[in-house]
Amino acid sequence: MHQYLLFSPEVAAARTAGKPIVALESTIISHGMPYPQNVTMAQEVEHVIRAAGAVPATIAIIEGKICIGLVAEQLELLATSPDAMKVSRRDLPYVLSQGRLGATTVAATMICAQLAGIHVFVTGGIGGVHRGAETSFDISADLQELARTNVAVVCAGVKSILDIGLTLEYLETHGVPVISVGQPAFPAFFTRDSGFKADFQLDSALEQAAFIQTKWQLGLNGGIVISNPVPEAFAMQKDEIDSITEQALREAHDGGVAGKLVTPFLLARIKTLTEGRSLMTNIALVKHNAQVGAELAVAMRDLPGLQPI
C-alpha cells in the first residue's frame, strides 16, 4: 500500500523521530468553508497541533498519491480548485487511478491515516444518519468506517442537520464507543448539548489513550468517537440553530439537492442565515478539537504497547 503514500517532509521527519502525528481531513478545506477562511483555518489548526507537541498531517489525493501532510501550495490548491472531488471509501480507487484532485472525507481520511500508521484524526464533525433515512437509506459512510478502521476520531459530535439519535443507535449497533470530553452530553456541532448522552465521559488524554489501547489490545477492531463540545463562548443557541436548520433543510428538499451536495448546501445556507456566525463557530470548534487531538496523540505516543491490530 505504501506505493500510494507520499509523506510531506515534516511528516516524514516526524515518523523517523517517533513524534506524535495527528491526521486532518481536507474536505473541510475544499467543500466546508469559503476561501480564504478555509486556508486560514487550516493553517491555524496545524499551528495548534504543533504548539501542543504533535505534528499535523492534512491528507488529500494529489496526482495519483495519498499525500500525508500538505505544503502551503497544496493547501492553496485544495482551497481554490473547483475540480477537487469529495472522496470517500468508494471513490479512492477512481481518484488515485485517474490522477484526480481529491479532498478526503472522514471515512477516506480514516483509511489513509491507518495506512500511514496514524492513530488520531481531528475533524469538525462526523457524518451520520440523515433525517428520513428510514426511506432514503441516506447514511454517511463515516459510520461504517468507524466500525472497521482503527483510528480515534476527535470531533464536535454531529451536525443538527442529521438525525442524532439514529446516528448514536447506528454506532452502538456496530460497537463504536462514543466518548465525551468535559461533560456527559454528546455535542451537536454548533451547540454543546444534543439532548443525548455519550457512552462514557473521559476528560483527560491519558484516560482516553488507555481506553483506546485497551480496546485494540482486546482485538476489538474499529474506531472511537471522541466528542468534544464547542467552546462555550462560540456555541450557538439550540433553538436558533434548530430553526435555521429546518429552514435550510426545506430549501434543500424544495431545490432537489441530494447526495454529496446536501451537507455543503446546508452549511452554506446556515452560514448565510446566521450572517456568518456559524462559520466562526465552525472554526472555533475545529481548533478546539485540534488541541484535544494533539494532547491525545502525545499521550498515545507515551503509552507503552499501543499496537492496533
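**Pockets and cavity of the predicted model**

Q: How do the residues of the lining of the largest pocket divide into nonpolar, polar and charged?
A: In this predicted model, Ala, Val, Leu, Ile, Met, Phe, Trp, Tyr, Cys and Pro count as nonpolar, Asp, Glu, Lys and Arg as charged, and the others, Gly among them, as polar. On that basis the lining of the largest pocket divides into 12 nonpolar, 16 polar and 10 charged residues.

Q: Which residues lie nearest the centre of the largest pocket?
A: A pocket is an open set of points on a 1 Å grid over the protein atoms alone where a 1.4 Å probe fits, with protein on both sides within 12 Å along at least five of seven lines, and lining residues have an atom within 4 Å of a point. The space in the largest pocket is about 810 Å³, a volume being the space filled by probe spheres set on the points, which are joined across faces, edges and corners. Of the 38 residues that line the largest pocket, those nearest its centre are Lys86, Thr105, Ser140, Asp142 and Thr263.

Q: Which helix gives the most to the lining of the largest pocket?
A: Helices are DSSP runs (H or I, at least four residues), numbered from the N terminus, and residues are numbered from 1 along each chain as its sequence is written. At least two lining residues each come from H2, H6 (106-115), H8 (141-148) and H12 (262-273). The most, 5 residues, is given by H8.

Q: Which helix gives the most to the lining of the second largest pocket?
A: The second largest pocket holds about 350 Å³ of space, and its 15 lining residues include Arg131, Leu249, His253, Val257 and Val262, which lie nearest its centre. Both H11 (238-254) and H12 supply at least two residues of this lining. With 5 residues, the helix that gives the most is H11.

Q: What volume does the largest cavity have?
A: A cavity is a set of grid points where the probe fits but cannot get out, and the count of those of 30 Å³ or more comes to 1. Totals for linings use all residues, whereas local features need pLDDT of at least 70 and side-chain atom pairs count only at pLDDT 80 or more. The volume of the largest cavity is about 100 Å³.

Q: Which helix supplies the largest share of the lining of the largest cavity?
A: Among the 13 residues that line the largest cavity, Leu24, Glu25, Ile28, Met41 and Val45 are the closest to its centre. Helices H2 (27-32) and H3 (37-51) each supply at least two lining residues. The largest share, 4 residues, comes from H3.

Terms used:
Side-chain values use heavy atoms; hydrogens and water are left out.
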